[in-house]
Amino acid sequence: MSHEEPQVLKGTLDLMILKSLRHGAVHGYGVVKWIRETTEEAMTIDDGALYPALHRLEARRLIASDWGVSENNRKAKYYHLTRRGEKHLQKEISRWQRISQAVWKVVNASE
């Protein structure tokens, strides 16, 4: 039996990143850690997916960044939601709630 990790569906990585930043600025590792812990380790995000997504969200002005010092006393880039990002997150949460409810209805439909 295969124990494959769930793959991140298109559009969900951005949603998870935005949600992870909702309560304050976090560096890249903090984003990955929050997603891993929140999904009870069902999803892990590698650097090859995370950093392009962070740059894309920053280019769209949904997040912004500042340099700071991490817990390890190392220079780190901290990301935070912008007002525009918060509005976008609200829309995406609503959209994913509708999609997930519709898919759940199909999954639970009697044959």
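Me: What makes a residue of the chain count as buried, and what percentage of the 111 residues do?

Reply: Buried means under 20% relative accessible area, exposed means over 50%, and partly exposed is in between, using a 1.4 Å probe and protein chains only. By that rule, 31% of the 111 residues of the chain count as buried. Keep in mind that this is a predicted model: local features need pLDDT of at least 70, side-chain atom pairs count only at pLDDT 80 or more, and totals for chains, interfaces and linings use all residues. Residues are numbered from 1 along each chain as its sequence is written, and side-chain values use heavy atoms, with hydrogens and water left out.

Me: Why are helix 1 and helix 2 called roughly perpendicular?

Reply: Angles of 65 to 115 degrees count as roughly perpendicular, under 35 as roughly parallel, over 145 as roughly antiparallel, and the rest as oblique. The axes of helix 1 (residues 12–20) and helix 2 (residues 28–38) cross at roughly 105° and come within 9 Å. Helix 1 and helix 2 are therefore roughly perpendicular to each other. As for the axes, they are lines fitted to C-alpha atoms, for helices over the stretch in contact, and angles run from 0 to 180 degrees between N-to-C directions.

Me: Which residues meet where helix 1 touches helix 2?

Reply: On the helix 1 side you have Met16, Ile17, Lys19 and Ser20, and they meet Val31, Trp34 and Ile35 in helix 2. Contact means heavy atoms within 4.5 Å. By class, the contact of helix 1 with helix 2 has five nonpolar residues, one polar and one charged. Nonpolar covers Ala, Val, Leu, Ile, Met, Phe, Trp, Tyr, Cys and Pro; Asp, Glu, Lys and Arg are charged; the others, Gly among them, are polar.

Me: What makes helix 1 and helix 3 roughly perpendicular?

Reply: Run the angle test again: helix 1 and helix 3 pack at about 75°, with their axes 10 Å apart. Helix 1 and helix 3 are therefore roughly perpendicular to each other. Leu13, Asp14, Ile17 and Leu18 of helix 1 make this contact with Ala49, Leu50, Ala53, Leu54, Arg56 and Leu57 of helix 3. The contact of helix 1 with helix 3 has eight nonpolar, no polar and two charged residues.

Me: Asp14 is in helix 1. Is Asp14 buried or exposed, and how do you know?

Reply: Asp14 has 14% relative accessibility, so Asp14 counts as buried.

Me: What makes the pairing of Asp14 and Arg56 a polar contact?

Reply: A polar contact needs a pair of N or O atoms within 3.5 Å; within protein, one must be able to donate a hydrogen and the other to accept it, and residues adjacent in sequence count only if both atoms are side-chain atoms. The side chains of Asp14 and Arg56 make a polar contact at 2.6 Å.

Me: Last one: what makes a nonpolar core, and how many residues has the largest?

Reply: A nonpolar core is a set of buried Ala, Val, Leu, Ile, Met, Phe, Trp, Tyr and Cys residues joined through side-chain atoms within 4.5 Å. The largest has 22 residues, and those with the most contacts inside it include Ile17, Leu21 and Val31. Helix 1 gives the most to this core, with five residues.

How values were computed
Helix = DSSP H or I, 4+ residues; strand = E, 2+ residues; numbered from the N terminus.
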